[in-house]
Structure formats: C-alpha cells, structure tokens
Amino acid sequence: MSTYDVAVIGSGPGGYVAAIRCAQLGMKTAIIEKYSTLGGTCLNVGCIPSKALLDSSHHYHDAIKHFEEHGIEIPGEVKLNLEKMMERKSSVVSQTCDGVKFLMDKNKIDVYEGLGSFKDKTHINIEKDGETKTIEAKKTIIATGSKPANLPFIELDKERVITSTEALTLKEVPKHMIVIGGGVIGLELGQVYRRLGAEVTVVEFLDRIIPTMDSALSKELQKVLKKQGVKFHLSTKVKSVERNGDEIIIKADDKKDKEIELKGDYCLVSVGRRPYTDGLNADAAGVELDDKGRVKVNDHLQTNVDNIYAIGDVVRGAMLAHKAEEEGTMVAELIAGQKPHIDYNLIPGVVYTWPEVASVGKTEEQLKEEGVKYKEGKFPMRALGRSRASGDIDGLVKILADEKTDEVLGVHMIGARTADLIAEAVTAMEFRASAEDISRMSHAHPTYAEAVKEAALAATENRPLHI
Ligand SMILES: NC(=O)c1ccc[n+]([C@@H]2O[C@H](COP(=O)([O-])OP(=O)(O)OC[C@H]3O[C@@H](n4cnc5c(N)ncnc54)[C@H](O)[C@@H]3O)[C@@H](O)[C@H]2O)c1
C-alpha cells in the first residue's frame, strides 16, 4: 500500500493548488479525482468553459451590433456556427485540464483516478470500474467542491430543464430561455444566449439581481442587461416548472402575489450550489458535516478530526475558485508548520458579464448594517476618454471609505475589464490604503483604471477632475 504525507480528494482549483503547495513544501502528495480529467467544476463545467462562451458570444454580438459603427463592413450575413463555438470551448477546456496534469507531473504528485472515500481517518479507498485501491495518508485535505442546487419541486431533465452544466453544451440556441435565479450563473449564461439570439427572461426571488453585491452594481447591471434585451421578474417566487413536449411552462407569484405564467423552450435553474460530499464516507473517518451539508472546519480549516482538513466550496464561505485556491495554499502551509492567514474580507467577487462586475470589501448595505460611518466617491465610466474610444461607456466605480480615517472599506465597479481592475482595489486594501493614497497614485492615461483614481478623488475630497 502506498503511503503519503498528504492525500487531496478532489482536483478543482482548491485541491490541485493544495497538492502543488504540499509538494513544493516537500511532502509526498497524492491527488484523487473521480473524473478522467483534472480541474474540477471550474475547469470542466464552470469558470473556464463559461468564459470561453462569454468571449465567443461577445465577438458574435460585436460583429452584428457594433462592427458597423467602427467602420467595419461585412459583405453578406454574419452567421453563427454554434457547433464550432462549442468545439472551441471544449478545446480550451481540454488544454486547461492537460495543463493541470502537467503541473501534477512536474511536482511529482501521484494522480489517482476514481472515487475517493474514507476507510478510516488515515486510509482512503479509491474505487474505479468496480476495483478498489487503498492508500494511506497521514493528512487528508477534502476538496470535493459543490454541485448545482435545485428547488424541491423542479425535475431537472437535463435536456430542457437544465443546470449550468448542460447550458454549456446546448446543441441549439434556445428561442426563449427562462432563467430561475438572477445570480452569477444565471446572468453570465443568460447573457451568452441572449447575445446568440435567444429571448431571455430572468426570474429572481429577491428584489434585485446579484443580491449579495452592492446595490449600485445590481441597479447598473440590470439597466445594461435590459438595454441588451434581457427581461426581468424580480421579487417573484417560482411555484412550478412543467415540461410539455418542447415547451416549458413556469408558474410564479409576482411581488403583488399575482400568479404569472411564462413559457419558453429551455429553463436554466441557477439558484445556487450545494456542497458535495456524496460517496466520501465522511462518517468512517468521523468527520462531521453541518446542517447545510458542508464539512465543518475551524479557523485553520481543520475538521473535527485532527489530521483531516477541508477547503473550497465544501466548507463555509463564498463558493469561488480563488477562495478555494487561497485555502488550499493555507492548509498546505499550516501542515508544514507555517502560520499563513487569509483575509476573507479581501476576496474579490466578479461577474463576467459585459460590462464586467467586480467587488471587494464591504458593500454600502453592510456598512449601514454595521453602523460604520463612511463616505462615498463615484465615477462614471462614460466620462473616461478610454471608454469613449472603445464605446464601452456603461458602468461606474464606487469607493467607500471610512468617514474619519479615509481608509478604503469597499470598492465596487461595473464596466469594461473591471474583473482585472479590481486587483488594484484588493492591493490597496491589503495595504490598508486610504482613498487619498489611491487618488495620488499615477494611473496611465487613457485607461479604464483612471475611474478608480477619480472615484478615490471623489471619496477623499469630493474633487474628481474629469466630471
Ligand atoms: N463569476 C463567478 O465567480 C462565478 C460564476 C459562476 C458561479 N459562481 C459561483 O457558483 C455559485 C452558484 O451560482 P448561482 O448563480 O447558481 O448562485 P448565486 O447564489 O450567485 O445566485 C442564485 C440566485 O438565485 C436566487 N434564488 C434562489 N432561490 C430562488 C427561487 N426559488 N426563485 C428565484 N430565484 C431564486 C437567489 O436570490 C440568487 O440571486 C455561487 O456561489 C457563485 O458565486 C461564481
């Protein structure tokens, strides 16, 4: 039987980063993955394929809607080849997954394909095609991730009533896609199919889309998506989803408790994800789960069993690949006797629609709830020369700073390339910058980043330059 210092169960961004860091720190490491490709949800059926489709559909939409204004004429009709678009997406996914395999080999990490389940607290069975191998691990890191959640009354047939996984492999553009849940997945994939020509209707239970982000971002994103033709029913509670042949009929109660009926040919259910521990046999190791099915961990991501840790979507906190990566690194370093630390307040959130939405730190709603006195500085993207040059004029940057000390408490942005721009805000907040610090840094001209400087000027002394 092979013996390891550390075994990692699950090869998503949490698991494979944990394995690499363990190997870098000199530990003999194994990683166990039930699927034939490494990379977990993010690489196979999440972040990477959805971004590939967002980029492809963006090009298509630009070709139809915006080329002409840039003086680009295409003789004849611009035609969509969905099959080719999907093929490209698949090749991006396979290249990325191969990249993870390369990293495992480079770091001399043993890869086991099969379902990992605890035999006891130091032994893991790995089952594949009816055969079981057992390995011994002094420490184990559970990184088994999450699966799409569902509503109890919805039957997911995975053909027309689908989750994000199936929405990434459709063979046709829906005529009318009804999206249940106006969160990250619903809006990203809703925008993909809207750009490809589908009618898209989003039904959201709460009174705003992306409800966990600052409400200024919800408002602006909804305005832009509406302009792009997406329809919204907010404060609306779905009661039933029925399929009749190729038609999907959805009944819901609107904000006045009046019943509405929506008909479409596809229904995307994107109401969140649930932690995934099926088949892990956590009981055999004595590992406790909480009432939401998450693996219970302490501040050091250690379970109630001292040699077993858990990270990523399967534990508390935001279900984000980069949060899982930080946790993977942290656990590896803790096992090696180091004293790493994660500031969960500084983990950015991003929605990859266009315009992109990005956020870090406290929202205005959170500051109000916590009774913190703050000042606000806002700057609209449309006032930037860079935005006018590209035509990406939607969006804004909003900076919230402590009323007395001027320390930046939250940065919220929507606009072109904000998924990348948010890194400046994270860096500033990591070093506890004031709004004035940001406002006195030189930002290249012309860039979208100038909006960050201008919002900082607005927050610190209410003196933006270009508005
Ligand atoms: N860009 C990214 O970082 C990214 C992309 C995709 C997924 N993810 C992560 O994956 C997870 C799942 O994404 P998601 O979009 O499914 O979840 P989400 O939590 O982002 O959004 C779910 C939405 O569904 C709504 N909802 C819940 N029950 C409902 C009901 N009965 N009727 C109507 N609406 C209802 C919620 O109010 C919420 O707005 C999230 O944690 C997300 O952070 C992140």
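This is a predicted model: local features need pLDDT of at least 70, side-chain atom pairs count only at pLDDT 80 or more; totals for chains, interfaces and linings use all residues.
Local features were considered at pLDDT of at least 70 and side-chain atom pairs only at pLDDT 80 or more, whereas totals for chains, interfaces and linings use all residues. Residues are numbered from 1 along each chain as its sequence is written, and side-chain values rest on heavy atoms, without hydrogens and water.

An open, antiparallel sheet is formed by 3 strands in the order S12-S13-S14 (strands, E, at least two residues, and helices, H or I, at least four, are DSSP runs numbered from the N terminus; two strands pair if DSSP finds at least two bridges between them). Strands S12 (237-244) and S14 (259-264) are at the edges with a single partner strand each, so one side of each has no neighbour in the sheet. On average, neighbouring strands are turned by 20° against each other, direction ignored (axes are lines fitted to C-alpha atoms). Strand S13 (residues 247-253) is joined to S14 by 6 bridges; isoleucine 248 has glycine 264 of S14 as its bridge partner.

The second largest pocket holds about 740 Å³ of space (a pocket is an open set of points on a 1 Å grid over the protein atoms alone, where a 1.4 Å probe fits, with protein on both sides within 12 Å along at least five of seven lines; lining residues have an atom within 4 Å of a point; the volume is the space filled by probe spheres set on the points). Of its 29 lining residues, His58, His61, Asp62, His66 and Trp354 lie nearest the centre. Helices H3 (47-65), H6 (184-195) and H7 (215-227) each give two or more residues to this lining, with the largest share, 8 residues, coming from H3.

Note on methods. Axes are lines fitted to C-alpha atoms, for helices over the stretch in contact, and angles run from 0 to 180 degrees between N-to-C directions.
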